[in-house]
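The sequence and the structure come first.

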Amino acid sequence: MTATAAFDSLFDLPVQHVAVNGVDMAFRQAGTGPVLLLLHGHPQTHVMWHKLWPALTARFTCIAADLRGYGDSEKPQGGDDHHGYSKRVMAQDLAALMTHLGHDRFQVLAHDRGARVAHRLALDHAARVDRMMLLDIAPTLDMYEQTTRGFAQAYFHWFFLIQPAPLPDRMVEADPVFYIRSIMGGRHAGLAPFTDEALAEYERCARKTGWAYAICEDYRASAGIDLDHDREGRAAGEKVQCPLRVLWGAKGVVARHFDVLGLWRAVATDVDGHAVDCGHYLAEEAPDLLLPEVQAFFQN
């Protein structure tokens, strides 16, 4: 089965909901075999994995979840310090979800914002994560501390969304579809990699009440409380212990501005990785390149 065959089968599955860690989480699951948790990026939902879904569910029990604030998951208040959208709390959501589903140990495949949550998940819940693959990110603390003009211009949303409420929230909320299409279409491949069905899902969820606020809180947390947690952890010698593979788009912004593998080697004990011939959205731009990487890395 190729990465793109019958990809719409993910859309045929019902979205399930469960209340864990004080928040309603939305997810889809299918397949048999070792458990693989899939986490999406911004401004998407779990359906970003649809092109890989048939092949992955043939080998793994796949659970694709919407992060809190995204997709059909709940969009709670973040609190004065944005703690409610800290990657520590978002990782707790996923640990609780996996406990609820009966999975004590699992592997993780994550992209973009989901990869930042996965990083914290592997640190705070190390005994539960067997292996982890992260797509197109460098560690958050390093990306902020090594920000250049070029990076800030390319990733302007990082610095726009962190502004105090309600300025960015209301501006995004005024036309969320325009925001979606501008952010996703402004990368290397434009909107070409995204199927009509997937794009319609991203746009539907962006229209949900509270979505604009939630995505801003996600970024506000990353520029504040998440950096505090990262600095505290590094001072204590905290590192990712599970086998880690990092892949990034050779034609993307992260590749141009950061030593991706070098930065991950500084914060993980067992890491390898390389660039892939595409831009930021590996799972939708280059599924046939990503699939063999995933199948070779994750254990059956």
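**Overall picture**

Buried residues make up 59% of the 300 residues in the protein chain, where buried means under 20% relative accessible area, exposed over 50% and partly exposed in between (1.4 Å probe, protein chains only). This is a predicted model, in which local features need pLDDT of at least 70, side-chain atom pairs count only at pLDDT 80 or more, and totals for chains, interfaces and linings use all residues. Residues are numbered from 1 along each chain as its sequence is written, and side-chain values use heavy atoms, with hydrogens and water left out.

**Fold and surface**

- The protein chain has 16 helices and 8 strands, taken as DSSP runs numbered from the N terminus (helices H or I, at least four residues; strands E, at least two).
- A compact globule of 300 residues would have a radius of gyration near 19 Å, and the 17 Å of the protein chain agrees with that; the radius is taken over C-alpha atoms, and the globule rule is 2.2 Å times the number of residues to the power 0.38.
- The C-alpha trace spans about 45 × 45 × 40 Å along its principal axes.
- Of the contacts (heavy atoms within 4.5 Å) with a separation of 6 or more, 77% are between residues 24 or more positions apart.
- The accessible surface is about 11100 Å², and 51% of this belongs to carbon and sulfur atoms; areas come from the Shrake-Rupley method with a 1.4 Å probe, and for residues only the protein chains shown count as cover.

**Helix α16**

- In helix α16 (residues 287-297), the buried residues are Pro-287, Leu-290, Leu-291, Glu-293, Val-294 and Phe-297.
- The cover over the buried residues of α16 includes α2 (53-57), β5 (106-111), β6 (129-135), β7 (244-249), β8 and α15.
- Arg-131 lies over the face of Phe-297, 4.8 Å from the ring centre; a charge sits over a ring if NZ of Lys or CZ of Arg is within 6 Å of the ring centre and within 35 degrees of the ring normal.

**Aromatic pairs**

- Rings of Phe, Tyr and Trp (its six-membered ring) pair if their centres lie within 6.5 Å; planes under 30 degrees apart count as stacked, over 60 as edge-to-face and the rest as tilted.
- The count by this rule is 12 aromatic pairs.
- Tyr-144 and Phe-159 have ring centres 6.0 Å apart and planes at 90°, so the pair is edge-to-face.
- Tyr-144 is in helix α5 (residues 140-145) and Phe-159 in helix α7 (residues 156-160), 15 residues apart.
- Tyr-144 is buried at 16% relative accessibility, whereas Phe-159 is partly exposed at 24%.
- Phe-194 and Tyr-281 also form an edge-to-face pair, because their centres are 5.1 Å apart and their planes at 85°.
- Phe-194 is buried at 5% relative accessibility, and Tyr-281 is buried at 2%.
- A cluster linked by ring pairs holds Tyr-144, Phe-151, Tyr-155, Trp-158, Phe-159 and Phe-258.
- Arg-113 lies over the face of Trp-158, 5.9 Å from the ring centre.

**Salt bridges**

- The whole structure has 19 salt bridges, each a side-chain nitrogen of Lys or Arg within 4 Å of a carboxyl oxygen of Asp or Glu.
- Asp-72 and Arg-204 form a salt bridge with the closest N and O atoms 2.8 Å apart, and the two residues are 132 residues apart in the chain.
- Asp-72 is buried at 16%, while Arg-204 is partly exposed at 31%.
- Arg-120 and Asp-230 form a salt bridge at 3.0 Å between the closest N and O atoms; Arg-120 is in helix α4 (residues 112-124) and Asp-230 in helix α12 (residues 225-235).
- Arg-120 is buried at 4%, and Asp-230 is buried at 13%.
- Arg-231 and Glu-145 meet in a salt bridge at 3.5 Å, N to O.
- Salt bridges with shared partners join Arg-88, Arg-120, Asp-124, Asp-230 and Glu-238 into one network.
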